[in-house]
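The entries follow in the order in which I looked things up.

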Amino acid sequence: EAIAAEKAAIFRPHRPALTSATGVGLEALRRVCGRELQAIDPVAESTPLPLPGAHQRRNAGLALAVADALGYSVGPTALDTVDWPGRGEIIGDVILDCAHNPQAMDVLIQWLESTSTTPCQVIFGAMEGKDVATMARRLEMWATSVTVVTPDYLRRIEARELAGYFHGETTVIDNVSRALDQRARGALTLVCGSSFLVAEARAHLLGLPYPELGIRTVAR
């Protein structure tokens, strides 16, 4: 209810109000927005989309609907070159995903299970203010092993503190680069828990500078 109210606060009368929300999220928005809200269907399975997961098809359907509502003439081929690093991105035997709350973690695991991806080793880091306890419970039910790391970012939670949220045996390593170098090879590794952590891991895997252009922000 609170999130729906925040989202609806930026809607304007007689302007498009579109959502790809489903379930209780859609119901909450409908109560706030009434008849002005338009629920958008996902992009059809037959439409090629470079992003993996049913949730990305909902996002893509919403993006196309917004473009149409604003008067832009776009077709499904506009999605052919979509690229979103760190969102279900696979680099070798490493999966990178920016899931950083319980809902996103559920969607991530659903996507992995839908592709018959077996449970794998997880490297996890998080920022302060996140529901780490719930994310830890979700991951523990799926991971074969968990390594917690300290992201190179201002609002990070230290790895030793993160370890306390997991009930099983957890490996503590000071940074994600070292955790990636020490991972078991020949098996999948999932890196998740923070957009900043994923950016750091991606830079290490691809040999890119981190932070990009030497810039640090206080963004979420």
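I take helices (H or I, at least four residues) and strands (E, at least two) as DSSP runs, numbered from the N terminus. The model is predicted, so I note that local features need pLDDT of at least 70 and side-chain atom pairs count only at pLDDT 80 or more, while totals for chains, interfaces and linings use all residues. Residues are numbered from 1 along each chain as its sequence is written, and side-chain values use heavy atoms, with hydrogens and water left out.

Entry on helix 8. Just after helix 8, I found Gly 207 with a positive phi of about 70°.

I then looked at burial, where buried means under 20% relative accessible area, exposed over 50% and partly exposed in between (1.4 Å probe, protein chains only). Phe 196, Leu 197, Val 198, Glu 200, Ala 201 and Ala 203 of helix 8 are buried. With contact meaning heavy atoms within 4.5 Å, the buried residues of helix 8 pack against strand 4, strand 5 (121-124), strand 6 (145-149), helix 7 (176-181) and strand 8 (189-192).

Entry on Ser 194. This residue lies in the loop between strand 8 and helix 8. Ser 194 counts as buried because its relative accessible area is 1%. Leaving aside neighbours within four places in sequence, I list its contacts as Cys 98, Ala 99, His 100, Gly 125, Ala 126 and Met 127. At the start of helix 8, a side-chain oxygen of Ser 194 comes to within 3.1 Å of the backbone nitrogen of Phe 196.

Strand 3 (residues 87-91) and strand 4 (residues 94-97) run antiparallel and are joined by four bridges; two strands pair if DSSP finds at least two bridges between them. Glu 89 has Leu 96 in strand 4 as its bridge partner. Two residues lie between the strands of this hairpin, in which Gly 92 takes a positive phi near 65°.

Entry on backbone exceptions. Most residues other than glycine have a negative phi, and most peptide bonds are trans. His 14, although not a glycine, has a positive phi of about 65°. I located His 14 in the loop between helix 1 (2-8) and strand 1 (17-19), and at 76% relative accessibility it counts as exposed. The peptide bond from Tyr 210 to Pro 211 is cis, with omega near -5°, and Pro 211 lies in the segment after helix 8.

Key
Polar contact = N/O pair within 3.5 Å; in protein donor to acceptor, adjacent residues only side chain to side chain.
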